[in-house]
Amino acid sequence: MEKWTSSVLLALTAVACGNGQPKQASSALVHDISGVWAGPALPTLQEPAPFTPLGKQRYEANKATWGPNAVGLAESNDPLITCDPLGFPRSMLYETRGFEFVHTPTKTIELLQYQRAWREIWTDGRPLPKDVGGASADSLDPRWYGYSVGKWVDDSTFAVETVGTDERSWVDYFGRPHSGAAHFEERYRRVDANTLEVTVTITDPEIYTKPYVAMKQTFQRAARQELEEQLCVPSEAIDYFKTIAEPAGVK
């Protein structure tokens with residue numbers, strides 16, 4: 001349930017108490033970003049930090065269909081062409097027209113409309129895993145969506161940290177890469193009952209020379225609190241590639 005403080009109710013309470021001075025209403029919801037949020041399919045991306053030599057090499061090897069180095073679909077090696085998972089952080093930097101948060105006592109679930117994927121954001125106090133992808137027998141394997149923990153930094157801001165992402169995924173639709181050692185921070189700030197501000201910060205010293213904010217975007221509470229089905233279907237993607245993309249690329 002949304003814990004929204006009504007300024008009207010406070011004002012009436014103040015008058016009833018005889019002081020005639022309405023109290024200031026809270027400007028944010030308390031520890032609640034639940035529900036379906038809607039935004040643009042392609043959010044506005046910020047200018048990235050300069051690449052390291054390795055970052056530049058990997059970026060140039062990625063053949064995106066968007067941006068200054070765009071190629072035709074038939075020449076692209078975008079993982080999305082074969083319906084590979086978007087992975088993280090691309091899931092928050094592409095096809096963001098619908099996502100939902102569900103709070104539970106030990107974790108927050110993020111449901112992603114595109115590809116019908118989900119993320120587990122643990123809020124039970126556990127630390128982020130260390131040495132993901134390492135040689136130790138106790139090391140965890142990288143994941144497309146990484147390992148995430150979250151906490152409330154104030155009444156209206158939920159902060160999420162993510163590590164251990166599979167470096168086969170791209171950062172965004174421009175083909176910017178990330179390493180397996182990247183650290184991501186998201187901040188979800190409930191501006192008011194119907195507005196959510198999302199900030200994504202990337203720290204990846206193997207690929208970028210300094211941390212940078214990849215996106216700062218506002219999303220609106222969806223009028224219809226139900227996610228649509230938007231799937232990347234491999235058989236349809238293969239058929240499209242053979243019948244349209246490849247012939248168009250040759251021509």
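1. **Surface.** The chain exposes about 13500 Å², and 53% of that is supplied by carbon and sulfur atoms. Accessible areas come from the Shrake-Rupley method with a 1.4 Å probe, and for residues only the protein chains shown count as cover.

2. **What you are looking at.** Please keep in mind that this is a predicted model, in which local features need pLDDT of at least 70 and side-chain atom pairs count only at pLDDT 80 or more, while totals for chains, interfaces and linings use all residues. Residues are numbered from 1 along each chain as its sequence is written, and side-chain values use heavy atoms, with hydrogens and water left out.

3. **Layout.** Three helices and nine strands make up the elements of the chain, taken as DSSP runs (helices H or I, at least four residues; strands E, at least two) numbered from the N terminus. Their order from the N terminus is α-β-α-β-β-β-β-β-β-β-β-α.

4. Of the 251 residues in the chain, 42% are buried (under 20% relative accessible area, with exposed over 50% and partly exposed in between; 1.4 Å probe, protein chains only). Among contacts (heavy atoms within 4.5 Å) with a separation of 6 or more, 61% join residues 24 or more positions apart.

5. **The core.** The largest nonpolar core holds 38 residues; such a core is a set of buried Ala, Val, Leu, Ile, Met, Phe, Trp, Tyr and Cys residues joined through side-chain atoms within 4.5 Å. Phe99, Phe101, Tyr188, Leu196 and Val198 have the most contacts inside this core. Two or more residues come from each of S2, S4 (117-122), S6 (157-163), S7 (183-192), S8 (195-203) and S9. Leaving aside neighbours within four places in sequence, Val198 touches residues including Met92, Tyr188, Met215 and Phe219.

6. **The disulfide.** There is one disulfide, defined as a pair of cysteine sulfur atoms within 2.5 Å. The sulfur atoms of Cys83 and Cys232 are 2.1 Å apart, and the link is left-handed, with -75 degrees about the S-S bond. This pair links distant parts of the chain, 149 residues apart: Cys83 sits in the loop between H2 (53-61) and S2 (99-103), Cys232 in the loop between S9 (212-221) and H3 (234-250). Cys83 counts as buried because its relative accessibility is 14%.

7. **A loop residue to look at.** Leu73 lies in the loop between H2 and S2. Its relative accessibility is 30%, so Leu73 counts as partly exposed.
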